[in-house]
Amino acid sequence: MAEKYYITTAIAYTSGKPHIGNSYEIVMADAIARLKRQQGYDVFFQTGTDEHGQKIEERAGKKGVSPRQYVDEISGIVRGICDSLNISYDRFIRTTDPDHERQVQKIFKKLYDQGDIYKGAYEGQYCQECEAFWTESQLVDGKCPDCGMEVKPA
Ligand SMILES: [Zn+2]
């Protein structure tokens, strides 16, 4: 029986149309998957799209569509690029797929039940563009050190 080999890409964030970096990563992972298949491994190659976040909600609102409609369009573009590049993925996963949501809920519940997730209070400077918290000392001229946009206390 062939040894199993699992490979995944990062899943493309659906806040906007994909960029060349998304395609580059997928092509590289595809080359590895194809090599491993030739070497006799039982390969499972996954790619897909990440479809949650405030940025998506905001961009959908600006476009006048629901977040679901927005991510359906972007995810379709990403998948279309994969298919046009003849990417040999075994699964194109979307974080809105019902089986994915069930697995995440299962993991979240396990972490919650063992006390790793609890209600607390946290404040920081939040950059919505980067979806990241920053400390005061990390800010550059009071703005996000990564993208330079305004941060808000959150
Ligand atoms: Zn930022």
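Residues are numbered from 1 along each chain as its sequence is written. Because the model is predicted, local features need pLDDT of at least 70 and side-chain atom pairs count only at pLDDT 80 or more, while totals for chains, interfaces and linings use all residues, and side-chain values use heavy atoms, with hydrogens and water left out.

**Two helices**

Helix H2 (residues 54–63) packs against helix H3 (residues 67–84) at an angle of about 95 degrees, and their axes are 8 Å apart. H2 and H3 are therefore roughly perpendicular to each other, a label given to angles of 65 to 115 degrees, whereas angles under 35 count as roughly parallel, over 145 as roughly antiparallel and the rest as oblique. Contact means heavy atoms within 4.5 Å, and on the H2 side Ile56, Glu57, Arg59, Ala60 and Lys63 meet Pro67, Tyr70, Val71 and Glu73 in H3.

**Salt bridges**

Side chains of opposite charge can pair when their charged atoms come close.

| Nitrogen side | Oxygen side | Closest N to O |
|---|---|---|
| Arginine 94 | Glutamate 51 | 2.6 Å |
| Lysine 55 | Glutamate 129 | 3.9 Å |

Lysine 55 lies in helix H2 and glutamate 129 in the loop between strand E5 (125–127) and strand E6 (132–134), so the pair ties together parts that are 74 residues apart in sequence. Buried means under 20% relative accessible area, exposed over 50% and partly exposed in between, with a 1.4 Å probe and protein chains only. Lysine 55 is buried, at 10%, whereas glutamate 129 is partly exposed, at 29%. Arginine 94 and glutamate 51 are both buried, and these two residues also belong to a network of salt bridges with Arg68 and Asp72.

**Aromatic rings**

Rings of Phe, Tyr and Trp (its six-membered ring) pair if their centres lie within 6.5 Å, and planes under 30 degrees apart count as stacked, over 60 as edge-to-face and the rest as tilted. The structure holds 5 aromatic pairs. In one of them, the rings of tyrosine 6 and phenylalanine 44 have centres 5.9 Å apart and planes at 10 degrees, so this pair is stacked. Ring pairs also link Tyr122, Tyr126 and Phe133 into a cluster.

Technical notes:
Axes are lines fitted to C-alpha atoms, for helices over the stretch in contact, and angles run from 0 to 180 degrees between N-to-C directions. Helices (H or I, at least four residues) and strands (E, at least two) are DSSP runs, numbered from the N terminus. A salt bridge is a side-chain nitrogen of Lys or Arg within 4 Å of a carboxyl oxygen of Asp or Glu.
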